Amino acid sequence: MSNVLIINGHQYYPFAEGRLNATLVDKAVEVLTSKGHDTRVVTMSEDVDVEKELENHQWADAILFQTPVNWMHVTWSFKKYMDLVYTAGMGGALCNGDGRTSDAPKKNYGKGGTMTGKQYMISLTFNAPEEAFNDENDFFEGKSIDDLMFPMHMNFKFFDMTPLPSFAAYDVMKNADVENDLKRFEAHINANF
């Protein structure tokens with residue numbers, strides 16, 4: 001089958017220990033391995049070995065990014081991971097610079113990706129309820145989760161990766177429905193892998 005790298009971007013806080021994100025990662029591993037996929041899991045609690053992480057990205061046919069949303073973006077430890085690994089990958093492991101050349105410095109920005117043919121999926125946990133999205137009269141002013149994660153999508157487009165549909169578990173701190181979230185997540189993984 002395929003190789004799937006799963007990155008758990010959770011950052012520990014006393015009020016958010018990471019059980020749900022870890023459970024979603026475990027569920028992804030369970031479902032994917034039962035379908036014959038090979039998986040590797042990386043967590044933000046580990047020291048970042050940049051060369052190993054670049055090798056993990058090159059090994060993977062697909063990358064599943066599992067992360068809570070903190071202050072409208074990924075956690076600071078996940079952002080640090082991206083800064084270290086993705087910057088190091090600009091020498092060809094993930095992309096050849098930004099795609100421009102000295103002969104045409106105004107053309108082909110973002111076209112240097114070397115991850116062609118690889119896919120990615122973003123899976124998010126939110127304190128926000130689902131109703132806060134996609135409604136012009138609510139907090140996110142009609143924006144979707146993919147609109148909120150636009151910078152993340154652009155990172156992976158920069159590497160020439162193809163998106164799979166995103167997943168979200170909503171209202172996980174004040175009105176959690178973990179059993180239903182796990183069922184929906186399993187169905188989402190099955191539908192896309």
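**View 1. The aromatic cluster of the predicted model.** F65, F78, Y81, Y86, Y109, Y120, F156, F158 and F159 form one aromatic cluster. The structure is a predicted model, in which local features need pLDDT of at least 70, side-chain atom pairs count only at pLDDT 80 or more, and totals for chains, interfaces and linings use all residues. Residues are numbered from 1 along each chain as its sequence is written, and side-chain values use heavy atoms, with hydrogens and water left out. The structure holds 15 aromatic pairs; rings of Phe, Tyr and Trp (its six-membered ring) pair if their centres lie within 6.5 Å, and planes under 30 degrees apart count as stacked, over 60 as edge-to-face and the rest as tilted.

**View 2. The pair of F65 and F156.** The ring centres of F65 and F156 are 4.4 Å apart and their planes stand at 15 degrees, so this pair is stacked. Because F65 belongs to strand β3 and F156 to helix α5, the pair ties together parts that are 91 residues apart in sequence. Helices (H or I, at least four residues) and strands (E, at least two) are DSSP runs, numbered from the N terminus.

**View 3. The pair of Y86 and F156.** Y86 and F156 form an edge-to-face aromatic pair, with 6.3 Å centre to centre and 85 degrees between the planes. Y86 lies in helix α3 and F156 in helix α5, 70 residues apart. Y86 is buried, with a relative accessible area of 7%, and F156 is buried with 0%; buried means under 20% relative accessible area, exposed over 50%, and partly exposed in between (1.4 Å probe, protein chains only).
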